[in-house]
Amino acid sequence: NFRLTRSNGWLTLEIPLVAELVSQEVNCYSRFDSGNCDDLWLLGEVAMDDCCLNPHYGYIGADGKCKYCGPPSWSEWTAWGRCSVSCKEGVSQRRRECQGQGKCAQATIPREIQKLSLETKVCSDSNCCPEQGQWSKWGQWQPCSVTCNKGVRNRVRTCTEPQPRCGGSCDGPSEEKEPCVVDRICPTHGSWSNWESWQPCSGTCGGENLPRPTQRRNRSCNNPPPSSVPPGDECPGLGSNTRTCDELPFCPVNGNWGQWGPPSSCSVTCGVGIHEMLRQCNNPAPKHGGLPCSGSNKDQKICNTKLHCPVDGQWSQWGKWEECKSNRGKIRCRKIGGQQRRQRWCEHTGFDGKTCKGQITDYRACYDITFCDFDGKWSEWSEWSQCEPPCGEGAKMTRERKCIPDLSEYDETVGFHIKVKAYFEGKPFANCTLLKDPKQSLACMNVPPCDT
């Protein structure tokens, strides 16, 4: 059971530890990074309650997703997704999810969760859709590609009758080829075969003060050989190649591991951490290109302090502004400034965690205009709202004009020695001329269906 107590104006949440409950074994991570559990921070498999002794840790839940050990909060919104259609009007969506232990504020029923975790807006990647073009007639055949024997010739056509619009194209190739023959025998010029593999070096290890070993490779003028009638050219260059074996190393000495060193102290003072042991590749060390030691020079094991890490406090949302008052008497519908306040609470503090920084109470200057009569005027049209509902059929966006009271006779600031900005509190009566339709709505197009 949890207990909420008040002391000196502060709220404290007491969370008792229940040692006899056994939680499921999970893979525990020493860092939770925006919904990701990176293997770089994997500590190992422990009980979920032990992993969450540290509210900054994460673990892999039964559904295979990375879970957060800290208090519940909404993740950042994802980037807006691609438009639901490639041309004309569609919608784009973005999402966020509730991370942490428990439920996020205001997320109690599926419809509210959907509205808090999904947003939809109108989009248009292109004002028009692609239209295909048509090919012109084929042009004349071009001359043959060779002056003797067999070759190819080609002809082309253009996508212009009509041209495609808005990213369209023509179906099929723009070029056509066919074989052609010139009544003349071509000479065959000689061409080298591929180089044969390098022959083995004349030695296996290079000496510091001795000549370097060499190796040789050959090739033949037979790919193809030059023709006799009509005469073809011989292959240019030499049929053999020699090089020194500069890359030969000194004779290698392979490395071998030394003894493991003593284990380090636990990497953390609360929650779950690791012991680390080190060893060196010095028994012997690798020399002259010898193989390094195989495996890792580090080994680690889980250590469990069985101590809960501090849970720092988090401010709640500001409460509503209280009634606008003045020690000078009643100020409603009078041009006399007053003061109002709002409050917030430091939540989730536990296990010697830090309390919230800042003030628990906020004040501001105000005028009380509750139920006061004013002349009014109509505002300009507001921006179009997001689509509601954000998925499925019947989604609409709306905009409206509001009757705004004329508050020009009130001073924008109040105070004797120091002037501060004043805010208007309460809902007044504003008298505007009759407007036929102060609210408009339009259907959202191509809205994806809701997740099941």
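Guide: What follows goes from the ring pairs to a nonpolar core and then to a disulfide. Please keep in mind that this is a predicted model, in which local features need pLDDT of at least 70 and side-chain atom pairs count only at pLDDT 80 or more, while totals for chains, interfaces and linings use all residues. Residues are numbered from 1 along each chain as its sequence is written, and side-chain values use heavy atoms, with hydrogens and water left out.

Let's start with the rings. Rings of Phe, Tyr and Trp (its six-membered ring) form a pair if their centres lie within 6.5 Å; planes under 30 degrees apart count as stacked, over 60 as edge-to-face and the rest as tilted. Searching the whole structure turns up six aromatic pairs. One of them joins F371 and F429: the ring centres are 5.9 Å apart and the planes make an angle of 25°, so this pair is stacked. F371 sits in the loop between β20 (361–368) and β21 (373–378), while F429 belongs to strand β26 (residues 429–431), so the pair ties together parts that are 58 residues apart in sequence.

F371 has a relative accessible area of 55%, so F371 is exposed. F429, at 44% relative accessibility, counts as partly exposed.

Now go to F374 and Y410, whose ring centres are 6.2 Å apart with planes at 55°, so this pair is tilted. F374 is in strand β21 and Y410 in the loop between β23 (403–405) and β24 (413–414), so here the linked parts are 36 residues apart in sequence. Both F374 and Y410 are buried. Ring pairs also connect F374 and Y410 with Y367 and F424 in a cluster.

That brings us to nonpolar cores, which are sets of buried Ala, Val, Leu, Ile, Met, Phe, Trp, Tyr and Cys residues joined through side-chain atoms within 4.5 Å. The largest one has twelve residues, including V26, L43, M48 and I274. Apart from this core lies another, made of eight residues, and among them are Y367, I369, F374 and V414. As a rule, in soluble globular proteins, nonpolar side chains tend to be buried together.

A disulfide is a pair of cysteine sulfur atoms within 2.5 Å, and the whole structure holds 21 of them. In the one formed by C403 and C432, the sulfur atoms are 1.9 Å apart. The angle about the S-S bond is 95°, and the link is right-handed.

How values were computed:
Helices (H or I, at least four residues) and strands (E, at least two) are DSSP runs, numbered from the N terminus. Buried means under 20% relative accessible area, exposed over 50%, partly exposed in between (1.4 Å probe, protein chains only).
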